[in-house]
Amino acid sequence: MGIIDSIRDSLQTLRQTVATDDNHRREYLRRESQIGATLFGPIPAGVTRDFFCLDETTWVWHESWVDADGQTQHVSTRYDVYPNTIIKTQNGQPMPMTVQELENFTKAVSAYYPLVAQQVYGVELQPAYR
Amino acid sequence: MSSPDVLDPEAFSSDSDLAGTKQEIDRVFAEITGAIDPDRLAIAEELASDSRFVLEIGAHLRNIRYNTAGFDTPGTSQLPIGFDRAMRGGQ
């Protein structure tokens, strides 16, 4: 096998590994999101909702629905968490958080953690986090 | 008027320039978070407290994901590598 073939095979293996890892991660996030979506009450008919922790510092809320004109609409809200504040962006635009929203968000995170830990990863938390 | 060269340490050499820059950053930051409105100053304190709590939860989740499912290792954050650590005083 020539060096070119060797490099091509290595790249193919690397691509497959990255794709597998990405699918693995997506599957877990999808399962987390199914739990997260239930934390804000009943989901209206025709609405798809996601709420999940994307990574250590980022939480995502997403809803989509089909409007009266048959067009799919969506609202994607991202919360970037910093040590002293939380920056909210909705469909890419920075938005202020209301006191009520902050309270709801924090409550949702509090509920999300033990449920996801137990139901997705099989981890029972210490009482302080339940 | 030309823009200062941000790579030139002399470009923002005076304390007043630095203070002005910091004030502008604080103002924009406060505006985004809604804290600039005097009626909503209370949310700033709540934000600070809640954000630390949410960060702690995020860190715990990352550890659980890594230890049980083998993903979400340190460095998978959307932030530039080292940014979040630097924000926490390099811990």
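These legends go with a set of close-up views of a predicted model.

Starting at the N terminus, the order is α-β-β-β-β-β-α, with the strands written between the helices. Of the 130 residues in chain A, 22% are buried. Look at contacts with a separation of 6 or more, and 22% of them in chain A link residues 24 or more positions apart.

**View 1. The five strands of chain A line up as an open, antiparallel sheet.**
The order across the sheet is β1-β2-β3-β4-β5. On average, neighbouring strands are turned by 25 degrees against each other, direction ignored. As a reminder, sheet strands pair through backbone hydrogen bonds, in either a parallel or an antiparallel way.

**View 2. At one end of the sheet, β1(A) pairs with β2(A).**
Strand β2 of chain A covers residues 58–66, and its antiparallel pairing with β1(A) runs over seven bridges. Zoom in on A:C53 and you'll find A:W59 of β2(A) standing opposite.

**View 3. Two hairpins tie β3(A), β4(A) and β5(A) together.**
Strand β3 (residues 72–81) and strand β4 (residues 86–90) of chain A run antiparallel and share five bridges. Here A:Y79 faces A:K88 in β4(A), and the hairpin between the two strands passes through four residues. Next along, β4(A) is joined to β5 (residues 93–95) of chain A by three bridges, again antiparallel. A:T89 has A:P94 in β5(A) as its bridge partner. This hairpin has two residues between the strands, and A:N91 takes a positive phi near 45 degrees.

**View 4. Helix α2(A) spans residues 99–119 and carries a set of buried side chains.**
With 21 residues, α2(A) reaches 30 Å from first C-alpha to last, close to the 30 Å expected at 1.5 Å a residue. Buried along this helix are A:L102, A:F105, A:V109, A:Y112, A:Y113, A:V116 and A:A117. An α-helix makes a turn every 3.6 residues, so positions three or four apart point the same way.

**View 5. The largest nonpolar core holds 25 residues and includes a member from chain B.**
Touching the most other members are A:V81, A:I86, A:V109, A:Y113 and B:V54. Elements giving two or more residues are α1 (3–36), β1, β2, β3 and α2 of chain A, plus α2 of chain B. The top contributor is α2(A), with seven residues. For background, nonpolar side chains in soluble globular proteins tend to be buried together.

**View 6. A:I86 has contacts in both chains.**
Which residues does A:I86 contact, leaving aside neighbours within four places in sequence? From chain A the list has A:Y79, A:D80, A:V81 and A:M97; from chain B it has B:L47, B:D50, B:S51 and B:V54.

**View 7. Where the chains meet, chain B gives 32 residues and chain A gives 28.**
On the chain B side, α1 (15–33), α2 (41–69) and α3 (83–87) each supply two or more residues. The largest share is that of α2(B), at 20 residues. Sorted by class, this side of chain B has 15 nonpolar, nine polar and eight charged residues.

Technical notes:
Residues are numbered from 1 along each chain as its sequence is written. Chains are lettered from A and ligands numbered from 1 in the order in which they are written. This is a predicted model: local features need pLDDT of at least 70, side-chain atom pairs count only at pLDDT 80 or more; totals for chains, interfaces and linings use all residues. A residue is buried if 20 or more other C-beta atoms lie within 10 Å of its own, exposed if 12 or fewer, and partly exposed in between; C-beta atoms are placed from the backbone. Two residues are in contact if their C-beta atoms, placed from the backbone, lie within 7 Å. Ala, Val, Leu, Ile, Met, Phe, Trp, Tyr, Cys and Pro count as nonpolar, Asp, Glu, Lys and Arg as charged, and the others, Gly among them, as polar. The expected span of a helix is 1.5 Å times one less than its number of residues. Two strands pair if DSSP finds at least two bridges between them. Axes are lines fitted to C-alpha atoms, for helices over the stretch in contact, and angles run from 0 to 180 degrees between N-to-C directions. A nonpolar core is a set of buried Ala, Val, Leu, Ile, Met, Phe, Trp, Tyr and Cys residues joined through C-beta atoms within 7 Å.
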